[in-house]
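Here is a short briefing for a reader who is new to this structure. Look at the sequence and the model first, then read on.

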Amino acid sequence: MRVGFMGLGFMGSPMALNLSQKFPLTVWNRTATKCAPFRSTSATIADTPAAVLRQSDVVFTMLINETAYRAVLDKDFTNALHGKTIAAVYCGEIGMGLRTKFAINLFLITMTAGLAESMNLARAQGVDVDAFGEVLDAGPMASAYSRLKVAKMIAEDWSPQAAMADCSSVTGLVQEAAAEVGAQTPLMTVCDSLYKEAVARGFGGDDMIAIHQVMTPAANDA
């Protein structure tokens, strides 16, 4: 199966690099410099989004905003779509897709903060953090996401896959969406405060799991 990937930012690039290890991959990004990590792989770097479609059986997109999507949807791309199957989940009338995204973002953000707090408690108690990761990984709560973020905390690798500043912006949007419909989101309220504090303390460019740094005694003494 030939795979295509468009959008090589903080989130898209590591996903695409993983795919390049298992499938013939074709990538594209609006900013060509973002393709640099793929020049040392077997991936093909396409000149246009349409070229990605033509060279792929399955295509993933990880584009940041409407401007990025409009850069993809030109006439050549539309023509290349002919004969392709577009897979999507129907969430309802216009606007329901965004509301679904907000609900899922709430789960992601609170789960990330909870995982960081768990690691903080483990370290404070003198628990072997590698053992902590193994125990978590052996249970039903384990996931590809938990394995990835636990490994980053153990290595103190704060390089961004999803940046703290972006996460903080999303927490605000989710809070606004909840207020509009009168939904109670007490966990998100706490996370909103934590992520804003993290950005204010200079962690905005770090990965969202770096919220762990805000919870550590060393960070709080700084």
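## The second largest pocket

The second largest pocket has a lining of 15 residues, and R99, F102, A177, A178 and E180 lie nearest its centre. This is a predicted model, in which local features need pLDDT of at least 70, side-chain atom pairs count only at pLDDT 80 or more, and totals for chains, interfaces and linings use all residues. Residues are numbered from 1 along each chain as its sequence is written, and side-chain values use heavy atoms, with hydrogens and water left out.

**Pocket**
- A pocket is an open set of points on a 1 Å grid over the protein atoms alone, where a 1.4 Å probe fits and protein lies on both sides within 12 Å along at least five of seven lines; lining residues have an atom within 4 Å of a point.
- The volume of the second largest pocket is about 310 Å³. Volume here is the space filled by probe spheres set on the points, which are joined across faces, edges and corners.
- Helices α5 (96-124) and α8 (164-181) each supply at least two residues of its lining.
- The largest share, 7 residues, comes from α8.

**S168 in α8**
- Helix α8 also holds S168.
- S168 counts as buried because its relative accessibility is 12%. Buried means under 20% relative accessible area, exposed over 50%, and partly exposed in between (1.4 Å probe, protein chains only).
- Beyond its neighbours within four places in sequence, S168 is in contact with D192, Y195, K196 and V199. Contact means heavy atoms within 4.5 Å.

- E156 sits in the loop between α7 (144-155) and α8.
- Its phi is positive, about 55 degrees, although E156 is not a glycine.
- E156 is exposed, because its relative accessible area is 53%.

**Whole protein**
- The protein has 11 helices and 4 strands. These are DSSP runs, numbered from the N terminus: helices are H or I with at least four residues, strands are E with at least two.
- Its C-alpha atoms fill a box of roughly 55 × 45 × 35 Å, taken along the principal axes.
- Of the 222 residues in the protein, 37% are buried.
- Among contacts with a separation of 6 or more, 60% join residues 24 or more positions apart.
- The accessible surface is about 13000 Å², with 59% belonging to carbon and sulfur atoms. The areas come from the Shrake-Rupley method with a 1.4 Å probe; for residues, only the protein chains shown count as cover.
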